[in-house]
Amino acid sequence: MNTPSQTLRVVFTLSALACSVVLMLFVRGRAEWTDAFWLQLAAASAALCAAGCFVAFRNGGLRLEAVPLGRFALVFLRELAIVYIASGVAITVLALAIIYAITRSGPNALALAVLAGLWLSLWLAPGIASFTTWRRLRGGGAGEHRPHT
């Protein structure tokens, strides 16, 4: 049984939408939470997500063809774990530097940075893993092994 061709596109879209909402809340989160705020948040997030999907999906991007489900699952889960760990560490280090510069409190900065790294990576990693999985599997790569580049 082959993986549905649009699987990575769905995963990428959901990840992009979640990241768009988080970004919009970060940018506009201090505004008063009225009905207009939520409508603007939804519209801006959807527009940002649509733009990202347009770029990612052009020329057949993130579309799979004839990839066995077992191979897809192994590659995607491995890529997801690697990307989650890497993005978690990167976001944690960045957040630690920013939070420490503001608070000058090591334990508090570290706790917040780890929380930010682990939480934000949950939303970011599936989208990035979609790209890395697609790069490894495109062209039907059922038995094909491509080294990381």
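# A tour from the loop to the helices

Start by selecting Asn59, which lies in the loop between α2 (35-57) and α3; helices here are DSSP runs of H or I with at least four residues, strands are E runs of at least two, and both are numbered from the N terminus. This is a predicted model, in which local features need pLDDT of at least 70 and side-chain atom pairs count only at pLDDT 80 or more, while totals for chains, interfaces and linings use all residues. Residues are numbered from 1 along each chain as its sequence is written, and side-chain values use heavy atoms, with hydrogens and water left out.

**Stop 1**

Most residues other than glycine have a negative phi. Asn59 counts as exposed, at 78% relative accessibility; exposed means over 50% relative accessible area, buried under 20% and partly exposed in between, with a 1.4 Å probe and protein chains only.

Next, select Ala66. This residue also sits in the loop between α2 and α3, and the phi of Ala66 is near 55°, again positive in a residue that is not glycine.

**Stop 2: the start of the chain**

Met1 belongs to the segment before α1 (7-28) and is exposed, with 82% relative accessibility.

Which residues does Met1 contact once its neighbours within four places in sequence are left aside? They are Pro68 and Leu69, where contact means heavy atoms within 4.5 Å.

**Stop 3: the salt bridges**

How many salt bridges does a search of the whole structure find? The search finds three, each being a side-chain nitrogen of Lys or Arg within 4 Å of a carboxyl oxygen of Asp or Glu.

Select Arg63 and Glu65 to see one of them: the closest N and O atoms of this pair are 3.5 Å apart. Glu65 is exposed, at 52% relative accessible area, while Arg63 is partly exposed, at 34%.

Now move to Glu79 and show Arg136 with it. Their side chains form a salt bridge with an N to O distance of 3.0 Å. Arg136 is in helix α4 (residues 106-137) and Glu79 is in helix α3 (residues 69-103), so this pair ties together parts that are 57 residues apart in sequence. Salt bridges with shared partners join Arg78, Glu79 and Arg136 into one network, and the Arg78 to Glu79 bridge is 3.2 Å from N to O.

Are Glu79 and Arg136 buried or exposed? Glu79 is buried, at 2% relative accessibility, and Arg136 is buried at 8%. Arg78, by contrast, is partly exposed, at 37%.

**Stop 4: a nonpolar patch**

Select Leu23, Phe26, Val27 and Leu48. Together they make a nonpolar surface patch of about 420 Å². Patches are made of residues with over 30% relative accessible area and no salt bridge, with nonpolar side chains (Val, Leu, Ile, Met, Phe, Trp, Tyr) joined within 5 Å and like charges within 9 Å.

Which helix gives the most to the patch? That is α1, with three residues. Leu48 is found in helix α2 and is partly exposed, with a relative accessibility of 37%.

**Stop 5: the whole chain**

Clear the selection and show everything. The protein chain has four helices and zero strands, in the order α-α-α-α along the sequence. Its C-alpha atoms fill a box of roughly 50 × 40 × 20 Å along the principal axes.

Of the 149 residues in the chain, 30% are buried. Among contacts between residues at least 6 apart in sequence, 79% join residues at least 24 apart.

Show the surface last. The accessible surface comes to about 9,100 Å², with 73% of it belonging to carbon and sulfur atoms; such areas come from the Shrake-Rupley method with a 1.4 Å probe, and for residues only the protein chains shown count as cover.
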